[in-house]
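Student: I would like to learn how to read a structure of this kind, one feature at a time. Could we start with a single side chain and then widen the view?

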Amino acid sequence: QLSCLVKMVTLNGIPKDLDNYPKDLLLFLSPSDYAATGSCRQYFAEIGKANLHVLQRESSQRKQLLLEALACLKIPGTQVNVENREILGHLVCDLGGEYIRSSGGNLLKQLSRCESFLPDQEEAIRSVISGGNTMFGPPAAWSAFTLNELSGLIPVFDRSILQQIPK
């Protein structure tokens, strides 16, 4: 339905008021389509708010969006800073384990909103948390508030992490 809607909306060219359309619609446009109305950073900030699950995980379209976002934001290597994390929004859920490890605890809160993880991502999350070098500190220092903040990651925690969390 959304791809059909995009065709109708863009029949006479890209509308100047794209920001007034549902964010999910933007998933079916490219950054170059959006360029007429704003920057690629702006485009990916809007994409980051969209429901990525409209596109199948691991689909070529979703992978391409992430690659274009990383190129647009000029992210050097695999470290994502706070500003870029905010722009990426839900696209953070598609970052590989190397990005999660390199960015340290910087991505944990955003990752806790993801619906599922690939094994590589799960391993990276456990590694970052076990290192304890995050804004949340080591699991032994966590409170109920911390667990609430990271609730989406709890299924990823292994026994060694769970045993460290105070009762």
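Student: Which backbone oxygen does the side chain of Asn106 reach?

Tutor: A polar contact is a pair of N or O atoms within 3.5 Å, where, within protein, one must be able to donate a hydrogen and the other to accept it, and residues adjacent in sequence count only if both atoms are side-chain atoms. Here the side chain of Asn106 reaches the backbone oxygen of Val80 at 2.4 Å. Please keep in mind that this is a predicted model, in which local features need pLDDT of at least 70 and side-chain atom pairs count only at pLDDT 80 or more, while totals for chains, interfaces and linings use all residues. Residues are numbered from 1 along each chain as its sequence is written, and side-chain values use heavy atoms, with hydrogens and water left out.

Student: Where does Asn106 lie, and is Asn106 buried or exposed?

Tutor: Helices are DSSP runs of H or I with at least four residues, strands are runs of E with at least two, and both are numbered from the N terminus. Asn106 sits in the loop between α7 (97-102) and α8 (108-111). Buried means under 20% relative accessible area, exposed over 50%, and partly exposed in between, with a 1.4 Å probe and protein chains only; Asn106 counts as buried because its relative accessibility is 17%.

Student: Which residues is Asn84 in contact with, leaving aside its neighbours within four places in sequence?

Tutor: Contact means heavy atoms within 4.5 Å. With those neighbours set aside, Asn84 is in contact with Arg41, Leu73 and Ile75. Asn84 belongs to helix α6 (residues 82-88) and is buried, at a relative accessible area of 7%.

Student: How much space lies in the largest pocket?

Tutor: On a 1 Å grid over the protein atoms alone, a pocket is an open set of points where a 1.4 Å probe fits, with protein on both sides within 12 Å along at least five of seven lines, and lining residues have an atom within 4 Å of a point. The largest pocket holds about 210 Å³. Of its 15 lining residues, the closest to its centre are Glu58, Lys63, Leu66, Asp94 and Leu95. The elements giving two or more residues to this lining are α5 (60-72) and α9 (119-131), and α5 supplies the largest share, five residues.

Student: How many helices and strands does the protein chain have?

Tutor: The protein chain has eleven helices and zero strands, and 44% of its 167 residues count as buried.

Terms used
Grid points are joined across faces, edges and corners, and a volume is the space filled by probe spheres set on the points.
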